[in-house]
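Hi everyone, thanks for coming. Please have the sequence and the model open, and we'll walk through it together.

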Amino acid sequence: MSEVDATPVLEEVRGPSALGGGSRRFFDLLWLISVTEFRRVYFGTVLGYLWSLIRPLMLFGVLLFVFTQVFRATSKGVEHYPVLLLLGIVIFTFFQESTTNAVTSVAAQEGVVRKTQFPRLVIPLSTVLTGLFNFGLNLIIVLIFLFAFGVDPSWTWLLFPLVVVFLFALTAAVGMGLSVLYVRFRDVAIIWTVVAQVLFYATPILYTVEFKESLTFHRLMLINPLAVVMTQVRVWILNESDAPSAAHAAGGWIWLLPAAVVFVGVCGLGAWLFGREAPRIAEDL
Amino acid sequence: MSLEKTITSPAADRAAIAAAQPAILVEDLHKSFRIPTQRVDSLKERAVHPFSPREYRELRALDGISFEVHQGEFFGIVGRNGSGKSTLLKLLASIYRADAGTIRMAGRLAPFIELGVGFNLDLTARDNVVLNGVMMGLTPQETRKRLDAVIDFAELGDFVDLKLKNYSSGMLVRLAFSLMLEVDADILLIDEVLAVGDASFQQKCADAFQSMKAAGKTIVLVTHEMSTVEEYCHRALLISGGRIELIGDPGAVGRKYLQLNFEAESNPEEDATAGPLPESDSVRLLDAQLVDETGSPIKALPNDQPVRVRIELEALRESTGLHAGLILTNSEEIGVYEYAIPIGGEDKPMPVRAGQRMSIVTEIENRLVADHYFLSMGINRTYEGGLALYIPNMVDFLVFGGKKSRGVVVLDQQTRSKIEDGPQA
């Protein structure tokens, strides 16, 4: 027990908020909870980390078989279709699993929310951060595939952190917004699983944007920020000489503006929703 | 109780505390909850009726609360269920946001209002201590340094790497409590925790409270336990219907609280649900009530008012005389007092005819300690012999107020003491 400080000053208590309780405590908590959760999941079970690999790898195996052996359609013109497919799946898995976990996270932490003074934002953010650790591990597998398929490293690989930052922001914003909506409307969880499924097919993962040669189609596809990510990742990581960049596929930078608006809109909406609802979560639960 | 031995009477340092700086200052606090009369839980319902007005019932949980807690004060908040005391605590703890009014605090607040809520049962004690320490505002490094002290205090050294889901509830409470004590917050908000753990742990907690008081910590305790408030708190606040009913001396607050409680309990509807009255073939009980000085029925009385009981009987058969025997027992079924009275006369009973009504009004001097009491009655045939009627626990009532004591009754006593002249130092 430490000695008493010099008379503390009266300060106004402002009530609960998304960030409440000081920024150092916020980041300490965020980091500690994410790491502990990650350790619990991957070191607590016998096969540990393998479990987190099995899902994307199974999906990858099935889709690879269906689209290269059964349909033989979409892989034309793509040099390293299997690697591209795996990378796409790993990226999307991060987005999908993190957001799905985040939806119910705040409601699941009811005890903490209702009985402690806790920075509310830590809850959805830590699930996304845990997802990010997992994403990092899955990328190692992607790296092995890249080398196995003979993709040469290039300086554009260094641009990948940009993709991660972008993805993290998008995922966190969606997770934040949905997690507080879920407190009020419990069907958000079901709706989101369906929407995420639709997004999976609406994003060029199984196919690439140019599989349909229509500029309008490209532009419509590329309203989805995730589609921009997938298209750009193909250029930066897979090193294909004739792969179109997002701007090229859409026919000019200007046509990527809708995706930027969607991205900024989603981030803004998620943050605004969370900030608005955070003080009231304890009462609504 | 072990706690009693270590914590000295709060009266001594009360004056010093009253002069201290405020640690918590609450001004005109309002909080109401909107309770939808029809809860809209799904988006579909919102989508189908987007413009239908959402109807709310406004529940005023707190309605203009102002008070201050001084530094180093042990402050009790009491109130019946639904009185708003938990809402008040949650506002203090920044879990709810106030509608109006201000709360100001000096110093760091422990962010828990209940023990162990921050625990994750799937993690080990070690991980949980670190996590909770950080939640309380320490850095992870500081928390790791204090881990041993926490575990030692909770006497859980052998279980530090055991997952909490395998802990017993007693072990969990010990861990939570020692964690809270080890984190040096200036202000602690506690929601009913004192009566936990076994005797030796209670002793430790009492010691810890003592040292926290000595270190100038401010403690706000919400509880139902009147004895806790009266023994430990410097001051107490009684809240009722979202307003402050009384603030000040814990003894006075305790008495007022018990009074409020029993008033609410003795509503007439409950009385109507009483079972059929017992009968025998010679005497029938019509009514038996504890009454106050005005003759209206009550369920509880303060310890400074006499016990008045009114009994109505009806004779079913003729008798040359009846005696009523009354036995007062306490909650441990110990007979406190027993007496008999002749019915109808001063010192000998009068004859009764069939169908005649009899009434007894008896008043017993109240030397009772606070407890739950039962009055049983037997009616004897004075001359014919034999028991005409026996009604165990005919009336039950509560006596409240006074100091909690070990005895059954409070007796007057005169004691003198002096120190004899002895060898001079």
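Find R284(B): it stands opposite E314(B), which sits in strand 11 of chain B. Keep in mind as we go that this is a predicted model. Strand 11 covers residues 307–315, and it pairs with strand 9 of chain B in the antiparallel sense, over eight bridges. Those two belong to an open sheet of three strands, in the order 9-11-14, with antiparallel pairing. Which strands are at the edges? They're strand 9, residues 283–291, and strand 14, residues 357–364, each pairing on one side only. From one strand to the next, the twist averages 15°. And if you're new to sheets, strands pair through backbone hydrogen bonds, either parallel or antiparallel.

Okay, stay in chain B and look at strand 12, residues 322–329. It pairs with strand 15, residues 371–381, over eight bridges, in the antiparallel sense. There, L328(B) has L375(B) as its bridge partner. Strand 12 of chain B also pairs with strand 13, residues 335–342, antiparallel over seven bridges. In that pairing, T329(B) is partnered with G335(B). Strands 12 and 13 of chain B make a hairpin with five residues between the strands, and E333(B) there takes a positive phi near 65°.

Now, helices. Two packed helices are described by the angle between their axes and the distance between the axes. For helix 5 of chain B, residues 125–135, and helix 6 of chain B, residues 140–153, the axes come within 9 Å and cross at roughly 125°. So helix 5 of chain B is oblique to helix 6 of chain B. The crossing of these two is right-handed. Who touches whom? On the helix 5 side of chain B you'll find, among others, V129(B), V130(B) and V134(B), and on the helix 6 side the residues include L147(B), V150(B) and I151(B). Sorted by class, the residues of this contact are eight nonpolar, two polar and three charged.

Last stop: where the chains meet. How many residues does each chain bring to the contact? It's 41 from chain B and 33 from chain A. On the chain B side, strand 1, helix 3, strand 4 and our friend helix 5 each supply at least two residues. That side of chain B has 22 nonpolar, 10 polar and nine charged residues. There's strand pairing between the chains, too: strand 1 of chain A, residues 10–12, pairs with strand 4 of chain B, antiparallel over three bridges. To spot it, look for L10(A), whose bridge partner is A106(B).

Technical notes
Residues numbered from 1 in each chain as written. Chains lettered and ligands numbered in written order. Predicted model: local features only at pLDDT ≥ 70, side-chain atom pairs only at ≥ 80, totals over all residues. Axes fitted to C-alpha atoms, helices over the stretch in contact; angles between N-to-C directions. Helix = DSSP H or I, 4+ residues; strand = E, 2+ residues; numbered from the N terminus. Parallel < 35°, antiparallel > 145°, perpendicular 65-115°, else oblique. Left-handed = near helix turned anticlockwise from the far one by under 90°. Contact = placed C-beta atoms within 7 Å. Nonpolar A, V, L, I, M, F, W, Y, C, P; charged D, E, K, R; others polar. Pairing = 2+ DSSP bridges.
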